[in-house]
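Work through the exercises below with the model open beside you. Each task is followed by a solution in steps.

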Amino acid sequence: MTKTILTIKDLHVSVEDKEILKGVNLTINAGEIHALMGRNGSGKSTLSYTLMGHPRYKVTKGQILFHGKDLLVMPADERARLGMYLAFQYPVAIPGVSVSNFLRAAVKAKRGQDVPIKEFRAELKDNMTKLGIANEFLSRYVNDGFSGGEKKRLEILQMALLKPEMAVLDETDSGLDIDALKTVAEGINSLASSDNAVLLITHYQRLLNYITPQFVHVMHNGEVIKSGDSKLAHELEAKGYDWITQELVAQA
Amino acid sequence: MSCIPQTDLTKNRIEEISSSLAEPAWLSKERRLAWEKYIATDVPDPKADEWRTINLNSLDLSKLKTTKLNPNLGSFETALPDGGKLPKEMSAALKQYKEIAGFIWQTEKGTQHVYLDPDLQKKGVILLPLSLAVNSHAGLAEKYLTKTRKFSHDNKFSLLTEALFNSGIFVYIPKSVEIEKPFLLGFDFVGNTCEEAVFSRLLLIAERNSKANIVNVLLSSNAKNINASPSLSLVSQLNELYVEAGAKLSYAELQDFGQHVFYNSRLNNYVHKDAHVDNLSVAIGAAQSKVDVATYLQEQGANSEVLGVVFGTANECFSYNTIQEHNAPDTQSDINFRVALKDQSKSMYQGIIRVDKKAQKTEAFQSNKNLLLSNGAKADSIPKLEILADDVKCSHGATVGPVDPEQLFYLMSRGLSQKEAEEFVVLGFFNKVLAQFPVPHTLEWLQGIIGETLCTQFQSQAELKAEAAVLVK
């Protein structure tokens, strides 16, 4: 039986009174990997921030439901504790806060209780090895002076520890060299299971060589204008985005 | 302790103090000279940058009574006190540092406990209440205490402190003695309901090529039991650090006085050839705090690092003035000062860099960052450069602003509540400075103290909001 995790219905979102999303519809079930593609400025990142509850993004119409619960009434921290996760395209630095303190606080918040330090260390170590993260990483300040690749690895490390039901990965592939891309993709693949779902936001096919989504959606001008299976991503790679928009014009 | 009536801050008090402590004649003379300067100095101009955040009306000099020191109080102990019997800041320090070179615990009534590692005593290290040291080590005390007046300043309270000090500590590190474990000094302003004045001096001498670490804790352990009076008690300090050629001295100060205290402090660092001084000033208490930190780089190769962390709450007012005075070539000074303010608290930071004509190849840097955690909080930052040499590297930078909403969103997107997220950002903001102080365990100790203060502060704010919400319903 399919279990629906996330339902987005006719979502309209404005930033500073400018409408960016103009009626997005999307349903994501447990066990599914969705890719959301589209050009820069099509509204992909707006969708990811809105899903997580960034106060700058005002929902003017529509619904976001998580297991049928209305997410729009909740601040970001409540959504996170419920099982939403956003891997940021540009994770912000928190100078003076060490990665280990931060991870421990996040895990405590998500699981609702302190994790015994030994257990936490072991879990951390295991995930860090998988993602090729050095130990000295833990004593550094969160994203402070990190390279692009280090930031993305930290985003995936957090995902591994927080075990979200619904993970939104915003351009996680950007700025990664080929080795880092492989490691990060392997990390995502190993975390995807029949109990959770992943929404990959990207404008390249590159990441999709390593992660195979069941569904691919194309976003244009604040709407999802085409959906298909993984073949659609290859088609986009070969033909670019123009043919879809032309198709749209022809239909109209 | 008794409170004596009206206008206690007089020249006559000098003779009373001097005779009650059986002080040598040269010291009485120094006190009188300071008194003359005090009389000749204008009262603070409430509109001047360094005073305008301070509520001078909260202090009524005519009502202040000086506390009477009992020189016979206190005992020389062969061990440290039981941490459990000390205020939490002190017991936390004892726990964190584990090994302590020397310990002095004073209140305005007098010295309570003195301990010095016997091995260090054998090496000639001295740790004494200042009132005893001026007699027992008169030569040293005279040599250094009479130097003060050559460094002119016009802080009226500091001049008053020179004239009327009735409390203090003397620390002497002999030539080439290097001590890693810190000295822990503590002053508890026990206070009572009458407006009191405590004047104290700290004299630290690090002789050539010596090394020492000093941690000074200032607090009022029973502040909660004191009813806020419209006019405050005064704690005024004059602290002097003599860092002789090649010596390395680190000095950290935690100020956590209660809301009944007007705190005035002047810290003078005199740094000599190739010597290095580190200062860390942490302020989380007192209703009014006026603090001057002056670094005099007196000889070639002298260098200094001055750090500051201020966390203001309620209606607290802070005015911090740093002075980096380069009087010799090839000298370096670096200042990193961070302030976070909640509620209606206010802060003024004024940073002065002075470079003498002969101080070529000076490097002087200054950074001041202010975080505003509420709409009612206010921070100001004024750099002042007086550079007479032409071959120098100087820079200054200041920022004032709220917590970055993107940082809060990032932390909240990981499940942390807004309160936890704010705490994290503020602690991180302070950590960047605290981590620069080189004495091991200081970071952990202060993180604990500041973390606890932050936690209760943010808690109380969250509780207030919850209460307000209930009232609205």
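Buried area is the accessible area, taken with a 1.4 Å probe, that two parts lose on being put together, summed over both. The model used here is predicted.

**Exercise 1. Describe the interface between domain 1 and domain 2 of chain B.**

Step 1. The domain assignment gives domain 1 as 11-299 and domain 2 as 413-473 in chain B. Their centres, taken over C-alpha atoms, are 30 Å apart.

Step 2. Count the residues. Domain 1 of chain B brings 19 residues to the contact, and domain 2 of chain B brings 15 residues.

Step 3. Take the area. The two domains of chain B bury about 1400 Å² between them, with 81% of it on carbon and sulfur atoms. On the domain 1 side, B:Q96, B:Y97 and B:L280 lose the most area to domain 2, together 39% of what that side buries.

Step 4. Assign the elements. Helix 3 (88-97), strand 9 (211-219), strand 11 (248-256) and strand 13 of chain B each supply at least two residues to the domain 1 side. Helix 3 of chain B gives the most, with 6 residues. By class, the domain 1 side has 11 nonpolar, 4 polar and 4 charged residues.

**Exercise 2. Describe the interface between chain B and chain A.**

Step 1. Start with area. About 2000 Å² is buried between chain B and chain A, and carbon and sulfur atoms give 68% of it. B:F409, B:Y410 and B:R414 supply 39% of the area that chain B buries against chain A, more than any other three residues.

Step 2. Count the residues. Chain B gives 19 residues to the contact and chain A gives 33 residues.

Step 3. Count the polar terms. The rule finds 2 salt bridges across the interface of chain B and chain A. There are 13 residue pairs in polar contact between these chains, both residues at pLDDT 80 or more.

Step 4. Assign the chain B side. Helix 8 (405-412) and helix 9 (418-434) of chain B each supply at least two residues of the side that touches chain A. That side of chain B holds 8 nonpolar, 7 polar and 4 charged residues.

**Exercise 3. Where do the two partners of the salt bridge between A:D144 and B:K432 lie?**

Step 1. Take the distance. The closest N and O atoms of A:D144 and B:K432 are 3.1 Å apart.

Step 2. Place each partner. A:D144 is in the loop between strand 8 (141-142) and helix 5 (148-162) of chain A, and B:K432 is in helix 9 of chain B, so the pair joins two chains.

Step 3. A:D144 is partly exposed at 25% relative accessible area. B:K432 is partly exposed at 29%.

**Exercise 4. Locate the salt bridge between B:D278 and B:K248 and classify its partners.**

Step 1. Take the distance. The side chains of B:D278 and B:K248 meet at 3.8 Å, N to O.

Step 2. B:D278 lies in strand 13 and B:K248 in strand 11 of chain B, so the pair ties together parts 30 residues apart in sequence.

Step 3. Classify. B:D278 is buried at 3% relative accessibility, whereas B:K248 is partly exposed at 32%.

**Exercise 5. Is B:T322 buried or exposed, and what does B:T322 contact?**

Step 1. Classify. The relative accessibility of B:T322 is 0%; buried means under 20%, so B:T322 counts as buried.

Step 2. Find partners. The side chains of B:T322 and B:Y349 are joined by a polar contact of 2.7 Å. Beyond neighbours within four places in sequence, B:T322 is in contact with residues including B:V293, B:I335, B:F337 and B:Q366.

**Exercise 6. What phi values do B:A286 and B:H441 have?**

Step 1. Recall the background. Most residues other than glycine have a negative phi.

Step 2. Treat B:A286. Its phi is positive, about 70 degrees. B:A286 sits in the loop between strand 13 (276-283) and strand 14 (288-297) of chain B, and is buried at 0% relative accessibility.

Step 3. Treat B:H441. Its phi is positive, about 80 degrees. B:H441 lies in the loop between helix 9 and helix 10 (442-472) of chain B, and is partly exposed at 35%.

Note on methods. Residues are numbered from 1 along each chain as its sequence is written. Chains are lettered from A and ligands numbered from 1 in the order in which they are written. Side-chain values use heavy atoms; hydrogens and water are left out. Contact means heavy atoms within 4.5 Å. A salt bridge is a side-chain nitrogen of Lys or Arg within 4 Å of a carboxyl oxygen of Asp or Glu. A polar contact is a pair of N or O atoms within 3.5 Å; within protein, one must be able to donate a hydrogen and the other to accept it, and residues adjacent in sequence count only if both atoms are side-chain atoms. Helices (H or I, at least four residues) and strands (E, at least two) are DSSP runs, numbered from the N terminus. Ala, Val, Leu, Ile, Met, Phe, Trp, Tyr, Cys and Pro count as nonpolar, Asp, Glu, Lys and Arg as charged, and the others, Gly among them, as polar. Buried means under 20% relative accessible area, exposed over 50%, partly exposed in between (1.4 Å probe, protein chains only). Domain bounds come from an automatic or database domain assignment.
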